[in-house]
Amino acid sequence: MKKIKRQKMSTDHFGLSTHDITSNLHRYGECILHCNIHISRGIHEFDNDIVLRYACGIANSGGGVLHMKNEDYRSGVCSKDLDIWWSGMEIKLAEMISSDDICNYFDMVGNYDDADLYLFIKSAEHICTIDYHSRLPTDTATHEVSYQSVIKLLQRDESGKPLSALPSIPTNFQYGVTNEYLKQETKQIQFKQLSSRNSRDGKGIPDKIRTLISKYVTAFANHEGGHIYFGIDDDQAAVYGEEMTDQEQERTVKLVQLKMDVMIWGSSSFSAQRGVQWDIHFSPVQSVPHKMNPRVVVVVSVCKFPGGVFSATPDSYYVNTKTQTVDCWSFDQWKKAMLNPFRDKPELHGRFIKLPFTVPQAPLVFSLKHTMNSIKAKLFTEKSMKFAQPHHFLTTIDCVDTRSLVCSVVDLFSGGRHLSLFVNCWGLSVPLPSLQKVTCDLFIVSETQGCHLITFATSESNTIWAHTHDVAAHLKYKMVALGGCVSKFGITTHIINVKNFLDVKGDFERRFYPSHFDMSSEKFDNVIDSLIVTMAAYQPVDFTTLNTTTVENILSQDTYFFMLTCDQFQLLFTQQFTKELWVHSPPGAGKTVAAVQFVQELKRRGSQTKEILYLAENELLCSYVRSFKICHVSTRRDFMNASVDTFSDIKNVIVDEAQNFKDRDGDWYSAAERLTKPHESSSQQTTNSNHLERHGFFWVFMDYTQKVHKFNAGLPSIIGKNNFMMSEITRNSKEIFEYAQHFMNGPINVEKMSLADNMEELSNLESSPHLGHEYSSGQSVEILKCDKEHLKEKLFQVLSNIIDSGVSVDDLAVLVGSKQDKPEITVGVMPLTSNHGVEVDTVKEFSGLDRGTIVGVDPKVNPEHADLSKFILSLATRARDKLVIISTSDVVQRKLECDQES
């Protein structure tokens, strides 16, 4: 490997000295580890290899700083001692990252006579491993595997080969003679002579075999299998045998067995069996000189084995974020982390793109193609850059002077693009205990001045500095390990005493990092992208955010994340402190995702499960949300019929699919809103009600284009309300969206209000529904006609064809027009599956849910009570990929076929 000359990092080169770093070590928002080193010794002496372990751990865990205490700086060492020591380290570090461009990963600051040396480490772009403990064969020897070859081994899912597929073992071995079948070493045959040709001392042969077989076993098993012949000279391929007694042969078998047992064969749970994956034979050597003891050729055979064979768990480390210790991966953890970048969900590629993360432990995240750029366009407006975001967070700060101070600090970053974010708001939460003297934490990313974490506090102390460091280090780890940022950047920490404010402009301009960490336009975009990912990615199983999940969950084979749409991000980011909000959305834009995300945010802020009520009209949607166990869930009818005390603890109410509600059981809206306001007897009535803790949130999600029934929904006028419009649809394929558009353009008939006034109220909102992707399923919407007598037969035929095409029953639903139709249809489709039947429900009860394939059966409504166009819209938008509608009515058929004259 090419030797890389170390550049001495003096004050002149970087404007940075070890003294500067030591005195400001608390200012680095990084993972910082400490160790002692002896530069006068070899890299593996005096525990010097701790540098490799710690550097590996930091590189695998988002990057950071390694503080190395130089124990030899007063021991007469010179520049050459450091050069030799560091050159050896560089070679090992380059091997660890599978590259020789270590200048892009490591920056060492310090000289031989410094008491402290510092190694700034950027995140690796794949899992770093110091020793793989695995080999591959050549025609004459074996060699250590590389990162690329290990990946191929771990991914290899082809079947292995039995021992019988190996070259045959000769039955006759003559002393001093080359066997005609064993004239040359190959990738499947290796020779090793352990006993001297004339030696009569066979002591230690079993232990030598045990020691040597590891590299041959892994090499052969990782290739095509092979034999290791002990007792054949590898110079002339002449047979001399090994001098072994029967007892030594028995001991050899036991030692080899033990060695095979501790080796890893594809998985830590697999145990290789003698006679299946490996074997050992002792063949007597003929014509041994009479003065010598009997000799044998020991043949250890290994089959080809898929998935990689390792003599020990690879030496790969990570920083445990809970204990701040450097731990070694278990084999199964390491294997998951190694293969993590190659995980995918090809079935999602039509609608979404896979974000191209390369950092170790990176999550599998899918996004709409334009989401990142759309969110950035919203974030970087002239108005948004002028203030700290979310802007309404300032209202939670009591002191007016402190609010002004925050704004004045943000003004210091007015040059170039910049983003100022309050920490511990939605999407940017840090799981640390709050400190009474800390007012708030502000994270600023500036294109010209880098990244800064600023803590506004009423005093300055070691405790607050520790808090500031921990917040910054947590953000850095999340942005790199979870957000995928591989650029070199650092976070500098600051404390501003709000009671004794001093000019801090000069402090923001100081350099704390090597110049390679300076911000650039490209780095700025990478940092912002990673920040958005950590805020906006969520797990579709329960809508938990990427920011709150664990590494173990991230690396799980079945775990993946979606990015919120730009609409959803804007809703949660800009409106998270709005107490009362009406959210308008077309079908398929993700109302329920946003609603549950906000419930999760309320939980993060300290609200108890019993203090949050999720309210919906249909029980099926309630059951779905109830399964997350994050809040109290109720249908409107159960809510109105419950006793007064049932909801006495509720402080926050989230109403979903409000267009489906009815006021036939009473004024549900007033009853729900009343829960979010302070009780008459509460002493909080005298305090400022604008504060977060003063009263709860009341958010209403609705879509009037899906208001099928013509009854009063019990909703008041939206005039004077806070309104937010979501318009980006992601659920439906292009074919289904284009079909549904025919039914989206009806008038919005909101009771108790003037249509003109309310449309004017909504005129400033981006209300035109549009598809957020270009995915086409290739399946046109099917509108089928049949008579009433043959409806069940036709449905059975349609469902049979769908299931036979490979559609999972779990991703299929049959929706009928009324409850009266449901029992008969349910019985009719039961024979299609053996385990459980196809899901059958009404369009109304299925509101808010979806399936990949929807079959609508005989859609119909009472025209006095419901709107057929909106009914069809609600039915059609339940389908993601395939929609089939079977009708028995000529009138409905024409409507389904989008005949505008019908």
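Student: What volume does the largest cavity have?

Tutor: First, the idea. Rolling a probe the size of a water molecule over the atoms shows where empty space is left. On a 1 Å grid over the protein atoms alone, a cavity is a set of points where a 1.4 Å probe fits but cannot get out. Grid points are joined across faces, edges and corners, and the volume is the space filled by probe spheres set on the points. Here the largest cavity has a volume of about 60 Å³. The model is predicted: local features need pLDDT of at least 70, side-chain atom pairs count only at pLDDT 80 or more, and totals for chains, interfaces and linings use all residues. Residues are numbered from 1 along each chain as its sequence is written, and side-chain values use heavy atoms, with hydrogens and water left out.

Student: Which residues line the largest cavity?

Tutor: A lining residue has an atom within 4 Å of a point. Among them are Asn340, Arg343, Lys354, Phe357 and Val365. By class, the lining has 7 nonpolar, 1 polar and 2 charged residues. Ala, Val, Leu, Ile, Met, Phe, Trp, Tyr, Cys and Pro count as nonpolar, Asp, Glu, Lys and Arg as charged, and the others, Gly among them, as polar.

Student: How much space lies in the second largest cavity?

Tutor: About 50 Å³. Of its 13 lining residues, Lys122, Ser123, Lys476, Ser487 and Phe489 are the closest to its centre.

Student: In what order do the 4 strands of the open sheet stand?

Tutor: Strands of a sheet pair through backbone hydrogen bonds, either parallel or antiparallel. Strands (E, at least two residues) and helices (H or I, at least four) are DSSP runs, numbered from the N terminus. Two strands pair if DSSP finds at least two bridges between them. Here the order is β1-β2-β4-β3, with mixed pairing. The edge strands are β1 (31-37) and β3 (106-109). β1 and β2 (residues 64-70) run parallel, joined by 7 bridges. Asn36 stands opposite Lys69 in β2.

Student: Which helix lies across β1, β2, β3 and β4?

Tutor: Helix α4 (residues 79-96) does, running at about 165° to β3. Such angles run from 0 to 180 degrees between N-to-C directions, with axes fitted to C-alpha atoms, for helices over the stretch in contact. Contact means heavy atoms within 4.5 Å.

Student: Where is pLDDT below 50?

Tutor: pLDDT is the predictor's confidence in each residue, from 0 to 100. Where pLDDT is low, the predicted coordinates should not be read in detail. The chain averages 88. Residues 681-694 fall below 50. Residues 746-766 stay under 50 too.

How values were computed
On a 1 Å grid over the protein atoms alone, a cavity is a set of points where a 1.4 Å probe fits but cannot get out, and a pocket is an open set with protein on both sides within 12 Å along at least five of seven lines; lining residues have an atom within 4 Å of a point.
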